Amino acid sequence: MNWRYRSEREQGHCNNTGCPCPKGKVLGGSSAINGHVYIRGSREDYDDWGNVLEDESWLFPSVLPFFLRSENALEEDLARDTTFHSRGGPLPVQRLPAVDPVSKVLVQAMKDIGLDERDPNGAVQAGVSMAQTTTINGERASANTAFLRPVLDRPNLEVRTRAHVTRVLFRRGEASGVEYRDGYTGTLKRAYASKEVVLSAGVMNSPQILMLSGIGPKEHLSSLGIKVVKDLPDVGENLMNHVSSLGVEFLLPQGWPALPADINAREQDFTNFVPGGPLSSIGPEEVTAFVRGPEPSVDSRPVWNLRFLGIIPKSRGGNVCNRAPPQDPLYYDRIQVTPVLLDCKSVGSVRLRSADPLAPPLIRLNLLGDKPGRDLRLLVQALQMSAALENTPAFRAANLTLNRAPLAGCEQHAFGSTAYWECAARTHTLNPSHTAGTARMAAPGRPGVLDSRMQVRGVPRLRVVDASSFPLLPSGLPNAPVIMLAERGADFIRQTWG
């Protein structure tokens with residue numbers, strides 16, 4: 001279900017070893033493996049889209065109806081807010097039915113530091129809330145289950161699985177179809193388009209397919225022996241992402257959720273509580289907080305997203321990432337606060353590793369790599385803010401204590417010093433995989449790959465509709481904006497072909 005990509009080794013993040021880059025290898029793509037949290041981003045994000053694209057149809061008032069078109073708000077309080085939510089769409093949006101007891105402490109702690117409890121998909125994003133998710137009664141609703149599966153019986157739809165696209169085909173300079181490798185037979189086959197070809201292979205694979213097809217930076221393609229169809233230097237450039245760190249950990253007192261010694265007790269939990277019960281929840285990850293930056297600003301966009309992970313040490317059965325085993329999502333004895341920096345300036349790139357279409361792309365994330373060091377400074381501030389939660393009345397009342405054991409690789413620094421948190425950020429980096437922009441839309445005359453209708457520049461009948469199309473990265477999570485983008489893309493296609 002996961003392409004299991006890994007970025008190149010780079011100095012300054014992920015302990016210089018490269019970061020895991022999870023991407024969905026399944027119908028529904030990454031919506032089938034993500035944290036299923038539904039966050040659109042701020043109004044200002046999309047106003048910026050409209051401004052940089054010089055296209056008013058991308059301003060927030062114009063894109064909001066496309067968010068609403070797909071949504072089916074199952075919570076009564078959300079459904080009543082008809083300005084920002086709607087019912088009747090194919091995508092269920094619901095809070096998880098079971099609330100972890102620690103989650104209540106976390107919400108109160110966020111209030112203690114001055115955040116209001118509010119709908120992050122409403123008028124103002126900054127604040128704290130129990131996450132809205134693309135679930136129904138605790139069961140995930142991916143793009144596949146919400147949009148594709150219900151229409152599989154349509155006569156004009158054929159879904160082919162285990163079909164690995166190797167390149168786009170052209171006829172007289174126009175896209176005419178795709179070549180793909182049939183995973184069942186190992187043979188190359190072709191599928192032809194009567195109107196146009198739409199790539200929705202994601203941030204890593206859409207630029208990979210474009211470059212394999214001869215669309216991309218001329219020098220790079222020629223060096224691999226690929227015939228250049230269209231020299232577009234920006235293909236694979238502008239890889240935007242958020243960045244986080246696993247550096248702050250709090251210990252729970254005895255008596256809070258912990259792993260039962262008796263396996264039968266866990267089996268009984270499973271029998272009793274699925275679906276809709278605690279085992280359909282994600283523990284403290286259901287709390288999401290959006291925090292504005294320290295500098296005065298005229299817009300309401302948050303700079304950080306505080307997220308919380310329930311973990312157990314590997315010595316007590318945790319997996320290699322120190323996460324609770326998959327069958328025990330609620331059994332944990334400590335919490336990692338993972339502050340996500342939303343306003344990142346560092347950008348990376350995607351390139352071909354070779355002309356072999358089955359080879360993974362060459363990914364350079366360049367996290368924390370902006371030259372002024374702004375991203376590192378802001379992530380350090382977020383780690384300091386996260387550690388200071390031990391002083392909130394909510395944490396003190398619950399007896400949640402900051403784990404001051406030094407992180408591996410940072411023992412040489414005094415715990416809590418700026419140097420210590422810088423080491424934590426660079427050594428224990430977390431890639432949230434909120435990537436975008438590798439085939440970005442752009443205004444005429446500006447660097448980019450697509451026009452504002454997601455059509456590839458200079459290549460008729462070829463469109464890219466996925467997060468690689470984003471001109472800028474929203475201050476939320478990518479799943480909801482991608483679905484909005486798909487709704488817009490569907491309209492563009494209907495307008496083009498009737």
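Me: In this structure, which residue of β11 is the bridge partner of Gly-177?

Reply: This is a predicted model, and in it Gly-177 has Tyr-192 of β11 as its bridge partner. Two strands are taken to pair if there are at least two bridges between them; here β10, residues 174–182, is joined to β11 by five bridges, and the two strands run antiparallel.

Me: In what order do the strands of that open sheet lie, and which are its edge strands?

Reply: The sheet is open and has three strands in the order β9-β10-β11, with antiparallel pairing. An edge strand pairs on one side only, as do β9 (163–171) and β11 (188–192). From one strand to the next, the twist averages 30°.

Me: At what angle do the axes of α2 and α12 cross, and which residues of α2 make the contact?

Reply: Crossing angles of 65 to 115 degrees count as roughly perpendicular. The axes of α2 (residues 60–70) and α12 (residues 479–497) come within 9 Å and cross at roughly 100°, which means that α2 is roughly perpendicular to α12. On the α2 side the contact is made by Val-63, Phe-66, Phe-67, Arg-69 and Ser-70, while the residues of α12 that take part include Ile-483, Met-484 and Glu-487. By type, the residues of this contact are seven nonpolar, one polar and five charged.

Me: How many residues line the second largest pocket, and which lie nearest its centre?

Reply: This pocket, with about 720 Å³ of space, is lined by 27 residues, and Arg-301, Asp-343, Cys-344, Lys-345 and Arg-374 lie nearest its centre. The lining comprises 12 nonpolar, five polar and 10 charged residues, and at least two of its residues come from each of α1 (43–53) and α9 (374–387).

Definitions and conventions:
Residues are numbered from 1 along each chain as its sequence is written. This is a predicted model: local features need pLDDT of at least 70, side-chain atom pairs count only at pLDDT 80 or more; totals for chains, interfaces and linings use all residues. Side-chain values use heavy atoms; hydrogens and water are left out. On a 1 Å grid over the protein atoms alone, a cavity is a set of points where a 1.4 Å probe fits but cannot get out, and a pocket is an open set with protein on both sides within 12 Å along at least five of seven lines; lining residues have an atom within 4 Å of a point. Grid points are joined across faces, edges and corners, and a volume is the space filled by probe spheres set on the points. Helices (H or I, at least four residues) and strands (E, at least two) are DSSP runs, numbered from the N terminus. Ala, Val, Leu, Ile, Met, Phe, Trp, Tyr, Cys and Pro count as nonpolar, Asp, Glu, Lys and Arg as charged, and the others, Gly among them, as polar. Axes are lines fitted to C-alpha atoms, for helices over the stretch in contact, and angles run from 0 to 180 degrees between N-to-C directions. Angles under 35 degrees count as roughly parallel, over 145 as roughly antiparallel, 65 to 115 as roughly perpendicular and the rest as oblique. Contact means heavy atoms within 4.5 Å.
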